[in-house]
Amino acid sequence: WASTSGAPGIVHFLARIEGEMVGYHSYLKSGTRLQCLSGGFDRTRHSNYHAYENIILETMRYAEKNGVHHVAFGPVTNPSKAALMPQSVPFVLRFYSRHRMVRQAVSLIVPRSALRPATFVTRASADERQGSASSVAAC
């Protein structure tokens, strides 16, 4: 289910099971690109009946119907997303704070979090899947 909000260029995709919202992704549409702004899913449920995968696929359908050539889904930090991505693009996480203690805390936390480089899909494994990519490139 796709919806636009009052803000220009913002598109939301919602996953519902029996009327209850179980997940979403929100994107900024700019020209021929969709950039994921945020997303979340109810991980407390026993099952979401592939809500995550369905949101990714519905996003790709929306992109094809609306002239979008590139979709940026954000960091690939889980196997479900990695299996659906035809390619990956390296990104850089930059953090700034004028407070030294905050900078030190971030430098200790990030290497131990899901944002550490080892959790992302490697370029080689993404390139192997490129042969089955849709006409819309997922970044």
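Student: Where should I start with His25: is His25 buried or exposed, and why?

Tutor: Compare its relative accessible area with the cut-offs: buried means under 20%, exposed over 50%, and partly exposed in between, using a 1.4 Å probe and the protein chains only. His25 has a relative accessible area of 5%, so His25 is buried. A word on the model: it is predicted, so local features need pLDDT of at least 70 and side-chain atom pairs count only at pLDDT 80 or more, while totals for chains, interfaces and linings use all residues. Residues are numbered from 1 along each chain as its sequence is written, and side-chain values use heavy atoms, with hydrogens and water left out.

Student: Which element holds His25?

Tutor: Helices (H or I, at least four residues) and strands (E, at least two) are DSSP runs, numbered from the N terminus. His25 sits in strand β3, residues 20-30. Its surroundings come from contacts, meaning heavy atoms within 4.5 Å. Setting aside neighbours within four places in sequence, His25 is in contact with several residues, including Val11, Phe13, Phe41, Tyr52 and Ile56.

Student: Which side chain makes a polar contact with that of His25?

Tutor: A polar contact is a pair of N or O atoms within 3.5 Å; within protein, one must be able to donate a hydrogen and the other to accept it, and residues adjacent in sequence count only if both atoms are side-chain atoms. Here the side chains of His25 and Tyr27 are joined by such a contact of 3.1 Å. The side chain of Tyr27 also makes a polar contact with the side chain of Thr59, at 3.3 Å.

Student: Where is Thr59, then?

Tutor: Thr59 belongs to helix α1. Its relative accessibility is 0%, so Thr59 counts as buried. A polar atom of its side chain lies 2.8 Å from the backbone oxygen of Ile55. Beyond neighbours within four places in sequence, Thr59 is in contact with Phe13, Tyr27, Leu34, Val71 and Phe73.

Student: How do I read helix α1 as a whole?

Tutor: The expected span of a helix is 1.5 Å times one less than its number of residues. Helix α1 covers residues 51-65, which is 15 residues, and reaches 21 Å from its first C-alpha to its last, close to the 21 Å expected. An α-helix has 3.6 residues a turn, so residues three or four places apart point the same way. In α1, the buried residues are Ala51, Tyr52, Ile55, Ile56, Thr59, Met60, Tyr62 and Ala63. Just after α1, Gly67 takes a positive phi of about 70°.

Student: Which residues have the most contacts inside the largest nonpolar core?

Tutor: A nonpolar core is a set of buried Ala, Val, Leu, Ile, Met, Phe, Trp, Tyr and Cys residues joined through side-chain atoms within 4.5 Å. The largest one has 22 residues, and those with the most contacts inside it are Phe13, Tyr27, Leu34, Val71 and Phe73. β2 (10-17), β3, β4 (33-41) and α1 each give two or more residues to this core. Its largest share, seven residues, comes from α1.

Student: How many aromatic pairs are there?

Tutor: Rings of Phe, Tyr and Trp (its six-membered ring) pair if their centres lie within 6.5 Å; planes under 30 degrees apart count as stacked, over 60 as edge-to-face and the rest as tilted. The structure holds four such pairs. One of them is Phe13 with Tyr27, edge-to-face at 5.5 Å centre to centre and 85° between the planes. Phe13 lies in strand β2 and Tyr27 in strand β3, so this pair ties together parts that are 14 residues apart in sequence. The rings of Phe13 and Tyr62 have centres 5.4 Å apart and planes at 85°, so this pair is edge-to-face too. It links Phe13 in strand β2 with Tyr62 in helix α1, 49 residues apart. Phe13, Tyr27, Tyr62 and Phe73 form one aromatic cluster.

Student: Is Glu18 buried or exposed?

Tutor: With a relative accessible area of 83%, Glu18 is exposed. Glu18 sits in the loop between β2 and β3, and has a positive phi of about 50° although it is not a glycine.

Student: What is the overall layout?

Tutor: There are four helices and six strands, in the order β-β-β-β-α-β-α-α-α-β along the sequence. Of the 139 residues, 29% count as buried.
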